[in-house]
Amino acid sequence: MNLILLGVPGSGKGTQAKLISKKYNIPHISTGDIFRTKSHKKVIAKYVTKGILVPDKIVLEIIEERISRPDCRSGFILDGFPRNINQAQSLDKYLNSKNKIINKVLYFKLPIQSAIKRLTARRICPICSKNYNLISEPPQKENICDSCNVSLTQRTDDTIKTVKKRLTVYTQNTKPLILYYKNQNKLRELNADKPVNNVFQSI
Ligand code: AMP
């Protein structure tokens, strides 16, 4: 099963992708996570910290290489890709050349105001990468990771100014993908404004 998770930043795609990946044993591919790794950080940081999209050419090269690896043979979960129509069309073209298709696109519906609240309250452990939310999922000790006992950090693009930019970029570039996949009859909508376990159940 080849899946795309679509939705505004903060709608819980990454969290749910990890759960789907574990349950069905197919890899979770997050372009955002790839860009945050050390090897990509230098070239890409100027886009990510401003909340703007990395050029398609760079993203497409990375994604094609990643989904051609053997662990993607029985499926993959794309999180944060595609992010505009050109990326979606290029992906379709690439998959077509490999006799593959996208089977389903899960669209995580979340009001923009909830996304702003979630993103600005998100904190991450720099060691184990566990995500916390200061409002809905706080650590036991203030700002300290429950497992690693170190101070939590905030993603450089989770500040209010950059969050607003990311949401504008989403509305202008990524939202049109809802119709793109609806027209292909692949879109399945789900209410992402619920606790993690409830969203996973509906998936
Ligand atoms: P995310 O973790 O998915 O919110 O992505 C963080 C940032 O990485 C985005 O704001 C973009 O700067 C960049 N990025 C991630 N995925 C893509 C993509 N498919 N196309 C372009 N830029 C991306």
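Sheet, cavity and pocket in a predicted model

User: In this predicted model, which residue of strand 3 is the bridge partner of His28?

Analyst: Strand 2 covers residues 28-30, and strand 3 covers residues 76-79. These two strands pair in the parallel sense over 3 bridges. Within strand 3, His28 has as its bridge partner Ile77.

User: What is the strand order of the open sheet, and why is one side of strand 2 and of strand 7 left without a neighbour?

Analyst: The open sheet has 5 strands with parallel pairing, in the order 2-3-1-4-7. Strand 2 and strand 7 (187-191) each have a single partner strand, so one side of each has no neighbour in the sheet. The reason is their position, at the edges.

User: How much does the sheet twist from one strand to the next?

Analyst: The sheet in question is the open one with the order 2-3-1-4-7. From one strand to the next, its twist averages 25°.

User: At what angle does helix 8 run to strand 7?

Analyst: Helix 8 spans residues 176-183 and lies across strand 1 (2-7), strand 4 and strand 7. Strand 7 is one of the edge strands of the sheet. Helix 8 runs to strand 7 at about 130°.

User: Which element gives the most to the lining of the largest cavity?

Analyst: The structure holds 1 cavity of 30 Å³ or more, and the largest cavity has a volume of about 70 Å³. Its lining includes Leu5, Leu6, Gly7, Tyr170 and Thr174, and divides into 6 nonpolar, 3 polar and 2 charged residues. Strand 1 and helix 7 (160-174) each supply at least two lining residues. The most, 3 residues, comes from strand 1.

User: Which element supplies the largest share of the lining of the second largest pocket?

Analyst: This pocket has a volume of about 190 Å³, and among its lining residues are Met1, Ile20, Lys23, Tyr24, Lys104, Leu106 and Phe200. By class the lining has 8 nonpolar, no polar and 2 charged residues. The largest share, 3 residues, comes from helix 1.

User: What radius of gyration does the protein have, and what would a compact globule have?

Analyst: The protein contains 9 helices and 7 strands, and its C-alpha trace spans about 50 × 40 × 35 Å along the principal axes. For 203 residues, a compact globule would have a radius of gyration near 17 Å. The protein agrees with this, at 17 Å.

Note on methods: Residues numbered from 1 in each chain as written. Predicted model: local features only at pLDDT ≥ 70, side-chain atom pairs only at ≥ 80, totals over all residues. Heavy atoms only, no water. 1 Å grid on protein atoms, 1.4 Å probe; cavity = no way out; pocket = protein on both sides within 12 Å on 5 of 7 lines; lining within 4 Å. Points joined across faces, edges and corners; volume = space filled by probe spheres on them. Helix = DSSP H or I, 4+ residues; strand = E, 2+ residues; numbered from the N terminus. Nonpolar A, V, L, I, M, F, W, Y, C, P; charged D, E, K, R; others polar. Pairing = 2+ DSSP bridges. Axes fitted to C-alpha atoms, helices over the stretch in contact; angles between N-to-C directions. Contact = heavy atoms within 4.5 Å. Rg over C-alpha atoms; globule rule 2.2 N^0.38 Å.
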